[in-house]
Every structure is written in C-alpha cells, then in structure tokens.
Amino acid sequence: MSAIHLQNLVKKFGDFTALKTMDLEIADGEFMALLGPSGCGKSTTMNMIAGMEEPTSGKILFGERDMAGVPMGRRGVGFVFQNYAIFTHMTVRQNLAYGPRMRGAARAEIDRRVGAIAEMLQLSPLLDRKADRLSVNILQRVAIGRSAIMEPAIFLLDEPLSNVDAAFRAVMRTELKQLQRQFKQTMVYVTHDQLEAMTMADRIAVMDHGVLQQVGTPLEVYNNPANVFVARFIGAPGMNLLKGRPAESDRGLVIDLGPLGVTPPLPDELATALRAVRGDVLYGFRPEQVTLAERGLSMPVSFVERIGARTIVHLGEGESAVKAVFENDVGLSVGQTAVVAPPASSVRVFDAATGFAVRAG
Amino acid sequence: MSAVTATVSEDKMGARTKPAAPDEGARLGFRLTLPAQILVLFISAFPLLMQLYISVTDWSPLSGVGWWNAWEMWNSFANYTDLAADTRFWSALQRTAIVMLVCVPAEFLLGLALATLFADDFPGKRIFYSILLMPMMVVPAVAGYMFFMLFQSGGPVNDILSRIVGTPITIAWLSDPNLSLIAVMVADIWQWTPLMFLILLAGLVGVPEDQMKAATLLGANAWQRFVTIVLPKMKTIIIIALAIRVIENFKIFDTLYIMTGGGPGVATETISVYIYKVTTQDLIWGYVAAIALAILIVLSVVAVYAMKHMAKAREVPA
C-alpha cells in the first residue's frame with residue numbers, strides 16, 4: 001500500500017514539452033483516473049510513475065520514498081499495458097509465475113501463489129492453455145494476475161479497455177472495479193474515455209496539453225468544471241457555453257447574450273462573484289439540465305438526434321449553438337422554435353479571457 | 001465462456017459464407033500455369049534423375065558414349081559400395097563436419113552478440129552497420145585471395161602477432177596441415193557472420209517491446225529477459241538462420257580452394273573439394289554422381305527440418 005506524490009513533475013522530449021509542471025497527490029488505496037485527449041501527457045505521467053521514463057525535473061514519491069533513479073523492476077509497481085503484453089509463447093500458468101520465478105522463489109511457493117491468484121481471477125481451468133489464443137477478457141485477467149501476484153503497492157493501467165469493443169467494455173469495467181475492491185491497491189488508470197473514468201475512479205485528474213486541468217471526484221468534475229476545457233470535455237455532449245456580458249437588471253445580475261437576449265437572473269452568490277469580473281464571460285449549463293419553459297432562450301431547432309432512451313436536440317447555429325438532452329422523446333422537429341431554460345442552480349459561468357470558472361463564494 | 005462460443009460461431013459463419021468462386025479461380029490458375037510448372041518440374045527433376053542414372057554406371061565423359069547410353073556401363077551399385085569403403089570420402093566428410101561445427105556456432109554467437117548490440121542505439125551505428133555487412137558482399141573467391149595474402153608466413157597476420165608477442169613470428173599458416181584448417185575457418189567466419197547478424201537482427205527487432213517492458217517490471221534482469229523472452233520469440237528465425245548456414249557451410253568451396261586448394265595434402269579437403277578433384281582429375285563421373293546424391297540426401301534432411309519449423313511458425317503468428 002502506498003500513496004503517490006507527484007511534485008513539480010516536468011517531462012520534455014527534446015524541444016517538445018509533454019508535461020508542464022504536474023502536482024498530484026494520489027492517496028493510499030485510491031483509484032485515480034488520468035483522463036484527457038491523446039497527447040495530453042497522461043501516458044507520460046504514468047510511464048514516469050512506472051519508471052519507464054525519467055522526469056526532466058520534479059519528484060515522484062511513493063509514500064515517503066523518493067523514486068528518482070529507482071529502476072522500474074524495483075519500484076513494486078504492477079503495470080497493465082494497453083494490449084496487455086502477455087507473453088504469447090508461454091502458458092497462462094507460466095505468465096502468472098513469471099514474476100516470482102524471476103525473483104527466484106521456490107517452486108512450491110510459486111505453485112501456491114499461482115494457484116491462489118488463479119482461483120481469485122477464475123483462471124484455474126485455463127492455467128495450461130497457451131496464452132496466444134485467449135479472448136480479451138481472459139487476457140486482461142492474466143495481465144492483472146501476472147502483476148497482482150507480485151503484490152505491488154501500486155497498480156498502473158494504461159488504457160486497458162481501448163482495444164475492446166463497446167459491448168464488452170461495459171463487462172470489463174465492472175470486472176476491473178471488482179478486482180480493485182479485492183486487491184485494495186492504489187490504482188492509477190489512464191484513459192481517454194470519460195465513461196471509464198466516471199464509472200470506476202474515486203477521483204479523476206483531467207489533463208490537456210501537458211497541464212493538469214482539474215482533480216476531483218467524478219461528480220465534482222462533472223458538476224463544477226474548473227475551466228472551459230473540462231466543461232467541454234466532460235459530459236456527452238459537453239457543457240453548453242454561450243458568450244455574453246454581465247449586465248445589471250432590476251431582477252438582479254443577468255448575462256446579455258446579444259441576439260439571444262438576456263438570461264434569467266443569476267443566483268445571488270454567483271452574481272456577487274461575477275461582479276468582480278471585467279469583460280466577456282461564458283454562460284454554461286449542461287444539456288441534460290435544460291427544460292422547455294415559457295420564458296428563456298428562444299432558439300430554432302436545427303437537428304434532432306433520437307437515440308432511444310434520450311433525444312439530443314441541436315438548437316441555434318455557430319457561436320450560439322446549444323444542445324439539449326431530453327429523456328425519451330420530445331415534441332420538437334427541425335424548423336420549430338424551442339424556448340429552453342436551464343435551472344438557475346445548474347448555471348456555471350466562466351471568464352472568457354482566462355477560461356477559468358467563476359465560483360460562487 | 002462467452003468468448004469461446006463467440007469464436008466458434010464466427011468460424012462456422014466464415015465457413016458457410018465462403019464463396020465457391022476462389023476454388024474455381026484456383027483451378028483455372030492451375031491450368032494456366034501448368035506449362036510453366038511442367039517446365040520448372042523438368043528443370044529440377046531432370047538433373048536429379050540423370051544423376052541417379054549415371055550413379056549406377058561407370059560412365060565418364062571420356063568413355064566415348066553419350067550419357068544416355070551409360071547403361072552399357074552398368075556396374076550394379078558398385079559406386080555406392082565403393083563410397084562406403086572410400087576412406088578419403090569419409091575423412092573429407094569428417095573434415096566438413098568439423099568446419100561446420102566450429103564455423104556455424106561461431107558465426108551464430110558472434111552474429112547474436114552483434115545483433116544484440118545493434119538492437120539499441122549508439123553513436124555511429126549506421127556507419128558500423130555498413131562496415132559490418134561488407135564481408136558478405138565480397139565475392140568469395142576474392143575473399144579467398146584476401147585471406148591467402150593475410151595468412152602468408154610474412155603476411156599481416158604474423159606481423160600483428162609479432163607486435164603483440166614482441167618476437168618475430170613466421171607461422172606457415174597455409175602450409176601447416178594442423179593450422180590450414182583454422183585459417184580456412186577464420187575466413188568463413190569473417191565472411192558469413194554478417195549474414196547471421198542480419199537475420200538475427202531482424203528477429204531481434206521483431207521481439208515485442210512491451211513484453212520486454214512487462215518482463216522488466218516483473219523484475220527480470222537483462223539476462224533473464226534474454227533467456228525467457230528474446231530467445232523463445234526468436235526460435236524460428238534462429239532455426240532458419242542456422243539451417244541456411246549449415247547447408248551453405250556444408251558446401252564450403254571457393255574461399256577454401258583459393259586459400260589452400262584442399263591442401264597441404266588433404267588437410268583441408270572438404271567434401272566439395274573432394275568432389276571437385278574426383279570430377280576434374282579422376283574423371284569418374286558415375287562415382288561423382290553417387291557422392292553428390294549421398295550429400296543431397298543429408299542436406300535434404302536439414303532442409304526438411306527447417307521447413308517444418310517455418311511452417312509451424314506461419315501457423316502461430318507471434
């Protein structure tokens with residue numbers, strides 16, 4: 001068991017900066033997801049934790065221990081690769097036994113540990129199968145078992161579900177989460193799929209362009225995005241953001257959205273915080289929280305996507321495009337005008353100049 | 001379980017939906033290439049059958065009859081019984097085996113060491129790479145002359161040895177029956193290690209990097225990774241490389257013949273040199289055919305073994 005502390009971590013490849021100062025605390029036994037689009041530095045971060053790459057500057061601590069110069073074989077880290085990196089020329093048993101065997105454990109000891117881990121992962125009937133002809137979910141379990149047998153304090157998983165088709169991914173997500181509960185290790189999980197991060201992680205670290213954007217529980221990240229990037233990246237579809245300018249009205253502080261009119265008045269606390277901001281702001285709200293109303297933003301329907309349980313309605317165009325998600329079906333069709341209103345409590349406002357959220361209180 | 005059933009049903013589907021057309025296409029293709037196939041078959045089978053035919057006769061080009069009339073000199077397998085009792089043949093075979101048992105492992109180990117070195121980057125790698133491949137491109141006869149010069153008693157090899165030892169050394173490498181075979185083997189190793197290196201490097205580069213990393217993370221050191229991951233993954237390519245060199249080395253001739261001519265005496269007379277001498281000096285072609293056929297059988301066994309492994313490798317993609 002071990003906590004991970006990343007302090008001022010920087011990684012450069014020649015002129016290219018993959019990671020610009022990263023600070024992150026991962027608690028003992030926590031399931032942390034590193035989430036971001038490709039090229040955001042999440043895999044680089046992971047590789048540095050594993051010791052496959054040395055940081056250009058900054059520190060990595062496991063608990064109290066500084067990991068600088070500790071080779072990857074001695075870090076006590078379990079690593080599950082994107083394609084599992086199973087030794088295809090060996091049997092499942094040989095794969096599981098690999099770690100203890102390399103460290104010179106006694107034969108009886110190896111047999112006992114392989115037996116125990118196979119039992120736990122339901123691999124016992126497959127132990128003598130050649131590893132080159134296994135299905136993905138078994139490969140995943142072998143990959144996890146092969147690392148878990150070493151009882152690592154830290155488990156790193158590098159997009160383990162990205163090679164799996166969508167239907168299977170749901171099954172494997174549940175399986176992975178259950179495995180983590182069994183092993184109770186600190187887990188760091190790299191993914192670009194927010195659904196994986198949201199469903200499995202205790203906390204999510206959202207990254208973009210080598211910069212840590214926000215760290216928080218899935219719901220925090222979803223409800224209170226720290227900046228415009230997180231607001232757009234999290235959620236499917238992402239948060240609606242409309243450009244506007246704060247304006248005082250007799251009902252309180254509103255935002256003048258130009259041709260779209262004026263928003264309903266903002267809650268008092270948010271209004272107080274917003275009065276300190278000069279210049280343009282972005283008025284944000286979740287597509288799922290939109291309701292049809294008598295008064296609100298009046299916009300033409302440009303497209304309707306019906307996907308069974310939900311219907312996504314595209315409103316407006318260009319800069320002022322908005323998406324609204326409704327349960328089941330909704331009586332709207334292209335060409336009609338819809339009047340939508342986000343509930344005042346779900347409105348988030350961002351400073352258009354800096355991109356940061358304007359937080360109440 | 002679900003995965004297992006999934007693959008089975010996929011296989012069934014694949015079989016059912018397979019169209020009949022490719023089968024027909026294959027048959028048409030066979031008919032169209034038939035003339036070429038017959039030609040190729042003829043080219044490869046004819047010399048073999050001719051050789052088999054001559055090997056049971058006393059025919060020679062000086063016998064005054066065409067080879068097709070060799071039956072007039074039928075000697076009822078006397079060539080084969082002679083061969084079994086021919087001590088010069090057996091010692092040539094033994095010498096060939098010694099050369100092979102020294103050269104092929106030496107080339108393999110050197111090639112593997114070099115390939116391991118070249119799998120990682122180091123400054124000047126591309127230049128060294130080109131230099132390393134050069135011996136392979138030298139015409140074997142030219143290589144023979146090079147080593148013929150190097151191993152003269154007043155030649156560079158003795159010069160260098162003299163510098164190292166400090167006293168003048170004049171070893172007669174090529175005219176000493178005990179040393180000439182060594183000189184010949186050095187030349188072969190020099191010329192053919194690059195081929196081994198090239199093949200093994202291709203195999204080494206093909207070892208999946210993530211599996212190597214996984215092994216490292218599981219605590220395997222460099223040697224353990226080499227033994228448990230690299231060698232098993234390279235098994236097929238190692239067998240192919242060894243088979244190529246065993247077959248080629250068995251036929252060692254040009255370099256050797258120019259360096260020593262098989263001598264002094266018969267000290268470096270390998271099987272190819274022996275055949276050459278019997279062919280050009282003794283002119284008993286029926287006997288030559290018998291020797292050649294015996295060797296062909298030996299080499300075929302090696303080739304079949306190698307091909308079996310290649311087929312197995314194609315079956316299971318790495």
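Here are some questions and answers about the predicted model above.

Me: What should I know about the model and its numbering?
Reply: This is a predicted model, where local features need pLDDT of at least 70, side-chain atom pairs count only at pLDDT 80 or more, and totals for chains, interfaces and linings use all residues. Residues are numbered from 1 along each chain as its sequence is written, while chains are lettered from A and ligands numbered from 1 in the order in which they are written.

Me: Which element of chain A has the highest mean pLDDT?
Reply: pLDDT is the predictor's confidence in each residue, from 0 to 100, and chain A has a mean of 87. Helices (H or I, at least four residues) and strands (E, at least two) are DSSP runs, numbered from the N terminus. Helix 5 (residues 166–183) of chain A has the lowest mean, 80, and the highest, 94, belongs to strand 9 (residues 203–208) of chain A.

Me: Is Ala85(A) buried or exposed?
Reply: A residue is buried if 20 or more other C-beta atoms lie within 10 Å of its own, exposed if 12 or fewer, and partly exposed in between, with C-beta atoms placed from the backbone. Ala85(A) sits in the loop between strand 6 and helix 2 (92–102) of chain A, and its phi is positive, near 50°. It has 22 other C-beta atoms within 10 Å, so Ala85(A) is buried.

Me: How far apart do the end C-alpha atoms of helix 12 of chain B lie?
Reply: The expected span of a helix is 1.5 Å times one less than its number of residues. For the twelve residues of helix 12 (residues 271–282) of chain B, that should be 16 Å, which agrees with the end C-alpha distance of 15 Å.
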